[in-house]
Amino acid sequence: MLDTPAYAAEAAKAPLGPSSIQRREPGPREVLIDILYCGVCHSDIHQARDEWGDAIFPMVPGHEIIGRIARVGGEVQRWKLGDTVGVGCFVDSCRDCEACKAGEQQYCANGMTLTYNGRERGSQAPTHGGYSTRITVDQDYVLRVPEGIPLERAAPLLCAGITTYSPLKHFGLKQGDALAVVGLGGLGHMAVKIGAAMGARVTVLSHSPGKREDALALGASDFIATRDPAVFSEHKGRFDMILDTVSAAHDYNAYLGLLRRDGTMVLVGVPEPSDLAAIALIGQRKRLAGSLIGGIQETQEMLDFCAAHQVAADVEVIDIADINTAYERMLRSDVRYRFVIDIASLAAR
Ligand code: NAP
Ligand code: ZN
Ligand code: ZN
């Protein structure tokens, strides 16, 4: 076993602090990755605070991992020492169910193995994520990081990137479509960049009026400040697609009113439950959908798409000692637009 420095939450109400975990030597089909950067997703906060229930403590969060292959198991063909790779939200799945066979491991009928706050298949040992200096992963659940994307700006693609890319593709966003992105945080800013790269006309809907300039600089052509309730009647029926990335409870019915006939609103943010009125969908034959990250193959496709279109996250690199402050800032919607932890400097300590 490899003694590995990490940052962990000991309990749901506890701040994160320095800790140590054990990583295993890679098995025949596994690789050991030295982690360089790890993005900070709002899901890390939801889970470290046990807002979704059944959280496993101590918890080492982090599922936007970029690193270099440090050791490979005897049967590993795909990877060699020094390769720059990524790990996203899951590290295993059953490989046998209909979803896994379709390459959509995130919908595994037997449950994907989350990168952290999950349990290993077989041993049931708790999994630990990227707020640590290394990780051992099955070779099939590792992504190749294409050249041309600065590594700290690539890390958020492993969750925020794929979570926005997948639904835009799956629900058929087309060139020239009017796309609304609700919430300009980590996911939201990636949705703006990816949506624009797919050729959509992107409008940001935000409860932070001060983000207007940023939204336009990120590639949006319009910005709507949602604090003024009049905007919901002003922009009624305007959008072909809405991607809702908001992390706190809000009124879905109001946003559904902004869809045109046959439009689709996709939820990716996971706040507490809130009420839905059937009439909000019935009137103009609208669709309300949800989407969960993306499969391994599609994540690779997204990374290659981002490299080809020069899309990367806008990041603020932080020291891991500042992680609790970063969480507080995210809860105040004060992130521009993803915190990324410099893990190499934790390893150097
Ligand atoms: P984030 O960076 O904190 O951004 C969330 C944004 O939501 C904020 O920047 C803010 O944007 C908006 N917001 C926050 N509180 C609000 C409020 N009270 N009213 C209205 N808007 C509010 O979070 P993230 O990392 O992008 O994650 C967003 C959500 O997606 C989280 O719930 C996360 O768990 C979930 N998630 C889902 C998946 C999936 O597979 N479906 C994957 C990753 C994350 P404005 O300031 O612009 O309003
Ligand atoms: Zn995430
Ligand atoms: Zn499966």
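Predicted model: local features only at pLDDT ≥ 70, side-chain atom pairs only at ≥ 80, totals over all residues.

User: Which residues are the closest to ligand 1?

Analyst: Of the 30 residues that surround ligand 1, the closest are His42, Ser206, His207, Ser208 and Arg338.

User: OK, and how far is the polar side-chain atom of His42 from an oxygen atom of ligand 1?

Analyst: That distance is 2.6 Å. Lys211 also has a side-chain N or O atom 2.7 Å from an oxygen atom of ligand 1. With Leu187 it's a backbone N or O atom instead, and that one lies 2.8 Å from a ligand oxygen.

User: How much of ligand 1 does the protein cover?

Analyst: On its own, ligand 1 has 920 Å² of accessible area, and the protein covers 91% of that. Two elements give two or more residues each to the shell: helix 1 (42-48) and helix 5 (186-197).

User: Which helix gives the most?

Analyst: Helix 1 does, with three residues.

User: Switching to the zinc ion, what are its protein donors?

Analyst: They are Cys41 through SG, His63 through NE2 and Cys159 through SG, and they lie 2.0 to 2.3 Å from the zinc ion, which is ligand 2. Along the chain, the donors follow the spacing C-x21-H-x95-C.

User: Where do Cys41 and Cys159 sit?

Analyst: Cys41 is in the loop between strand 3 (30-39) and helix 1, while Cys159 is in the loop between helix 3 (151-154) and helix 4 (160-170), so the pair ties together parts that are 118 residues apart in sequence.

User: Are those two buried or exposed?

Analyst: Cys41 counts as buried because its relative accessibility is 3%, under the 20% cut-off. Cys159 counts as buried too, at 5%.

User: New topic: where is Arg336?

Analyst: Arg336 is in the loop between helix 11 (323-331) and strand 17 (338-342). Its relative accessibility is 37%, so it counts as partly exposed.

User: And what does Arg336 touch?

Analyst: Leaving out residues up to four places away in sequence, Arg336 touches Gly210, Lys211, Asp214, Asp314, Val315 and Glu316. With Asp214, there's a polar contact of 2.9 Å between the side chains.

User: How far apart are Arg336 and Asp314?

Analyst: They're 22 residues apart in sequence, and their C-alpha atoms are 6.7 Å apart in space.

Note on methods:
Residues numbered from 1 in each chain as written. Chains lettered and ligands numbered in written order. Heavy atoms only, no water. Near = heavy atom within 4 Å. Polar contact = N/O pair within 3.5 Å; in protein donor to acceptor, adjacent residues only side chain to side chain. Areas by Shrake-Rupley, 256 points an atom, 1.4 Å probe, with all protein chains shown as cover. Helix = DSSP H or I, 4+ residues; strand = E, 2+ residues; numbered from the N terminus. Donors = N, O, S within 2.8 Å, 3.2 Å for Na, K, Ca; no water. Buried < 20%, exposed > 50% of the residue type's maximum accessible area, 1.4 Å probe, protein only. Contact = heavy atoms within 4.5 Å.
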